[in-house]
Amino acid sequence: MTKDPEPTAIPTKDISTNDPEPTATPTKDISTNDPEPTAIPTKDISTNDPEPTAIPTKDILTKDPETTATPTIDILTDGGKTGEFVYTSMTDAGDIITNFQVGPDKLVFTKLLDTLNYTGTDALKDEYIRLVSGGTGTILEIDPDGPIGSGVFRPFLLVENVKPEDLNKVNNFLF
């Protein structure tokens, strides 16, 4: 790709007047200063690819039956079918789950909790995970060292359209 030495004028119309012969105003594309912009590689996530990959922006991921979160802010949906939302790292924080079904769907924190050296069986009861009402649903917060450490709860994800009392059942989770 070669760089155009001078920006090309794009004719625009001044609609603030009734001038029958508007003059062109030169404009410049300022969306990038990169002389050789490169494409961001993406992966088609509309299929049942076992490893959906997100690009470093906000993504909408749909997969059946398991959706694995990525270290970016994602909008996750299981396509309206029973599914699992799998979290493996604290860097997966910031996601929004749009159609979680209480009971059939599961939030899977097994690998994430392993990275925190959690050895219990109920991270809700053991105060590593708590649920608070916020926005359009429930904010799931994680305290990475539980009640005995100096860490504090931090927002991890939003489950839209689900009340904390409905989500606060161990059968909605895999620890």
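Because the model is predicted, local features need pLDDT of at least 70 and side-chain atom pairs count only at pLDDT 80 or more, while totals for chains, interfaces and linings use all residues.

Let me begin with the strands, and with how they are named: helices (H or I, at least four residues) and strands (E, at least two) are DSSP runs, numbered from the N terminus. Two strands are said to pair if DSSP finds at least two bridges between them. Strands E7 and E8 run antiparallel and are joined by six bridges, and glycine 134 has glycine 137 in E8 as its bridge partner. The hairpin of E7 and E8 has two residues between the strands, and glycine 135 in this hairpin takes a positive phi near 60 degrees. On to the next pairing, where E8 and E9 are also antiparallel and share six bridges, with threonine 138 standing opposite valine 159 in E9.

How many of the six residues of E8 are buried? Buried means under 20% relative accessible area, exposed means over 50%, and partly exposed is in between, with a 1.4 Å probe and protein chains only. By that scale five of the six residues of E8 are buried, so the strand is mostly covered.

A search of the whole structure finds one, and in a salt bridge the side chains of arginine 130 and glutamate 141 meet at 2.5 Å, N to O. Arginine 130 belongs to strand E7 and glutamate 141 to strand E8, eleven residues apart, and the pair links distant parts of the chain. Are these two residues buried or partly exposed? Arginine 130 has a relative accessible area of 37%, so it counts as partly exposed, whereas glutamate 141 is buried because its value is 11%.

Now to the inside of the model. A nonpolar core is a set of buried Ala, Val, Leu, Ile, Met, Phe, Trp, Tyr and Cys residues joined through side-chain atoms within 4.5 Å. The largest such core has 25 residues, of which Tyr87, Ile97, Leu107, Phe109, Leu140 and Phe173 touch the most other members. Helix H1 (110-115) and strands E7 (129-134), E8 (137-142) and E9 (154-160) each supply at least two residues of this core, and E9 gives the largest share, three residues.

Several of these names return when we look at the rings. A pair of aromatic rings is described by the distance of the centres and the angle of the planes. Rings of Phe, Tyr and Trp (its six-membered ring) pair if their centres lie within 6.5 Å; planes under 30 degrees apart count as stacked, over 60 as edge-to-face and the rest as tilted. The whole structure holds seven aromatic pairs. In one of them, tyrosine 87 and phenylalanine 109, the centres are 5.4 Å apart and the planes stand at 15 degrees, so the pair is stacked. Tyrosine 87 lies in the loop between strand E4 (84-86) and strand E5 (95-97), and phenylalanine 109 in the loop between strand E6 (106-108) and H1, so the pair ties together parts that are 22 residues apart in sequence. Both tyrosine 87 and phenylalanine 109 are buried. Phenylalanine 173 and phenylalanine 175 are stacked too, because their centres are 5.2 Å apart and their planes are at 15 degrees, and both of these residues are buried. Tyr87, Phe109, Phe156, Phe173 and Phe175 form one aromatic cluster.

I will finish with the asparagines. Asparagine 172 lies in the loop between helix H2 (164-167) and strand E10 (173-174), and it is buried, because its relative accessible area is 0%. With contact meaning heavy atoms within 4.5 Å, and not counting residues up to four places away in sequence, asparagine 172 touches several residues, including Phe100, Leu107 and Asp166. Asparagine 161, in the loop between E9 and H2, counts as exposed because its relative accessibility is 64%. Its phi is near 60 degrees, a positive value in a residue other than glycine.

Note on methods. Residues are numbered from 1 along each chain as its sequence is written. Side-chain values use heavy atoms; hydrogens and water are left out. A salt bridge is a side-chain nitrogen of Lys or Arg within 4 Å of a carboxyl oxygen of Asp or Glu.
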